[in-house]
Amino acid sequence: MLHKLSNQKRTILTLTGVFFILFWMGTFSQYRVNAGYRTEVAQTAEPTETAGGQPEPVTTPPQTAPPVQTVAPSPMVTPKVTATPKPTATPKPVKLRLKQQKRKMKVTWNKVPGAVSYQIYVKKAGGSFKKVKTTKKKKGLVKYTAGKTYQVKVVAYAKKHKKLSASESYRFFVPKKTKRINILYQSPKEAELRWNKVAGADYYLVYRKSGRGSYRQIRKTKLCRYKDRKLTSGVQYRYMVKAMHKEKQILCEGQSAGRSYDNRKIVAVDHQKYTYDEMVQDIIQLSQRYPGIIHYNVIGKSEDGRNLYDVVIGNQNASKFILVISTLHAREYMASLLCMNQIEYYARSYHEEAEGKKMSSVFQQVCVHYIPMANPDGVTISQYGIQKIKNKKLRKNLKKISKGIDTSLWKANAKGVDLNENFPYHFVVKSSAGSQGYSGKKAGNAKETKAIIKRINELKRRNLKAVINYHAMGSIVFGDHSGLSGSVATNTERMYETARKVTGYASAASYSSGNSGSSGNLREFIMYQKHLPSITLEIGRRVCPGPISEFPSIWKANANLVLREAMLFQ
């Protein structure tokens with residue numbers, strides 16, 4: 001039946017049989033030993049006496065071979081396994097974690113059993129490791145300088161300064177601060193950021209926030225520029241750009257210089273008096289918001305020491321130029337507001353199309369210069385009175401010549417000179433110092449006149465193509481050019497027809513030369529003395545200073561006027 005049993009049962013039966021045989025053999029061998037022992041005892045026993053008193057002879061048995069002693073096998077004993085001594089435990093390795101802080105790198109690590117202290121070692125690029133700190137804690141701070149490479153490691157020590165283990169060397173590099181973030185205005189809904197390359201930067205992160213909100217990452221780029229196409233008109237934004245450097249163990253970021261970008265309109269057109277101080281602030285803000293598009297220069301001083309500004313829009317190195325001069329007459333300061341609003345409008349729309357052309361293409365070829373407030377002292381008198389004149393001597397003289405005059409209607413400068421009678425063309429001394437009509441003692445002797453003539457001469461040497469004059473009031477255009485021929489007459493006529501078409505203003509042909517004030521007049525000086533085409537536009541209707549309620553219609557008529565005139569000379 002064994003063949004029917006399983007292998008396990010066969011093994012058990014076989015082992016049982018083997019042990020039984022061994023046990024039997026051991027018992028039998030012991031029996032043979034005991035029997036031999038008894039035989040030997042019997043053979044050595046003393047002889048007994050017989051009845052005759054004679055000892056009975058001892059019969060000696062025949063000699064036989066001594067029995068072979070068989071040693072019973074010892075039972076199987078399982079040998080004891082000797083325990084292998086435990087090897088000395090390998091110290092736990094030190095693993096670092098780096099976290100960047102401002103000007104310091106925080107280094108933390110795991111606890112090493114048996115360690116009583118840790119030492120931090122730092123190596124700068126090109127140097128060797130130096131111990132910077134010994135601590136019992138599991139953390140430490142390492143100072144760094146942005147723009148330099150460092151390596152750091154930590155060594156764990158047991159008692160008696162026995163070295164247990166050390167970390168790998170961890171490398172880190174913190175880029176320098178991103179500087180000179182420029183924002184180039186594109187349109188009310190677009191702006192382009194540009195910044196200088198930061199050495200060691202792998203890429204840059206661009207952040208933006210609006211109003212009082214929080215910064216939000218909007219771009220990751222390897223370039224040093226980014227165009228934000230998701231702006232909302234009329235919102236104030238702020239940007240940050242961080243240079244980033246990636247190592248195996250840590251990502252480091254450089255500091256960022258923030259840059260504000262106010263998408264809100266700068267030139268306010270909702271109040272009556274557009275002042276000199278307000279204009280100055282607008283000029284500065286516009287040049288800051290639109291770098292590369294708007295520039296400005298101070299071309300002289302007024303009689304009371306105020307700056308005379310030349311605001312430039314477009315390519316300063318263009319081959320052609322147009323000059324716009326506004327507010328020779330003080331009470332006509334709404335013309336200054338119009339010019340400043342034009343400047344902002346052209347800058348805001350610089351990369352957009354208007355009148356069938358992209359504005360930037362026009363202003364890149366024909367650069368426009370504005371003198372938006374040619375008579376700042378007179379504007380100040382018209383708006384706030386003689387007491388706002390700073391010079392005591394001028395103020396005293398003005399009080400004498402202004403008796404019985406409503407200063408809000410003032411046209412002259414701070415010396416009582418009518419600037420539009422002071423230019424050196426058919427100059428005749430007229431009237432006396434007062435609010436209007438006085439030519440001055442000599443042609444071109446007013447500081448404001450001198451500055452304007454100087455600027456005209458400078459631009460003419462650089463190919464000045466035309467001059468536009470803004471006055472108020474009447475909603476008319478002066479474009480007569482009697483006695484002129486050639487390109488001056490032709491271009492004056494073209495400018496005049498364009499102005500009438502764009503603005504819808506009437507012709508001023510009904511005004512005689514005498515009524516228009518040709519003696520010492522700026523426009524006649526430009527055409528007949530400087531041989532340049534020129535037109536004059538009178539904005540507003542019948543009142544001057546014009547009410548602010550008229551500005552929307554004035555703006556609608558004149559918004560694209562200078563652009564259209566510049567297009568004539570592309």
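Modeller: A word on terms first: helices (H or I, at least four residues) and strands (E, at least two) are DSSP runs, numbered from the N terminus. This is a predicted model, where local features need pLDDT of at least 70, side-chain atom pairs count only at pLDDT 80 or more, and totals for chains, interfaces and linings use all residues. Residues are numbered from 1 along each chain as its sequence is written, and side-chain values use heavy atoms, with hydrogens and water left out.

Colleague: Where is Y226?
Modeller: Y226 sits in strand β13, residues 225-228.

Colleague: Is Y226 buried or exposed?
Modeller: Buried, because its relative accessible area is 14%. Buried means under 20% relative accessible area, exposed over 50%, partly exposed in between (1.4 Å probe, protein chains only).

Colleague: What does Y226 touch?
Modeller: Leaving out residues up to four places away in sequence, Y226 touches A191, E192, L193, W195, V206, I218 and R219. Contact means heavy atoms within 4.5 Å. Y226 and L193 are 33 residues apart in sequence, yet their C-alpha atoms are 5.2 Å apart.

Colleague: How many helices and strands does the chain have?
Modeller: Eleven helices and 26 strands. The chain has 570 residues, and 45% of them are buried. Take contacts between residues at least 6 apart in sequence: 69% join residues at least 24 apart.

Colleague: Okay, helices. Which residues of α5 are buried?
Modeller: P376, D377, G378, V379, T380, I381, S382 and Q383. That is eight of the nine residues in α5, which spans 376-384.

Colleague: What covers them?
Modeller: The cover includes α2 (276-289), β18 (307-313), α6 (392-401) and α7 (447-461). After α5 comes G385, with a positive phi near 90°.

Colleague: You mentioned α2. Is D277 buried or exposed?
Modeller: D277 is in helix α2. It counts as exposed, because its relative accessibility is 56%.

Colleague: Switching topic. Which residues touch the most other members in the largest nonpolar core?
Modeller: Y370, I468, Y470, L537 and I539, out of 60 residues. Helix α3 (residues 334-348) gives the largest share of this core, nine residues. A nonpolar core is a set of buried Ala, Val, Leu, Ile, Met, Phe, Trp, Tyr and Cys residues joined through side-chain atoms within 4.5 Å.

Colleague: What does Y370 touch?
Modeller: Its contacts are Y309, D310, V311, I313, V324, C339, Q342, I343, Y346 and V562, not counting residues up to four places away in sequence. Apart from this core lies another, of 26 residues, among them L308, V312, L323 and L419.

Colleague: Last topic, the lining of the largest cavity. What classes are its residues?
Modeller: Nine nonpolar, three polar and four charged. Ala, Val, Leu, Ile, Met, Phe, Trp, Tyr, Cys and Pro count as nonpolar, Asp, Glu, Lys and Arg as charged, and the others, Gly among them, as polar.
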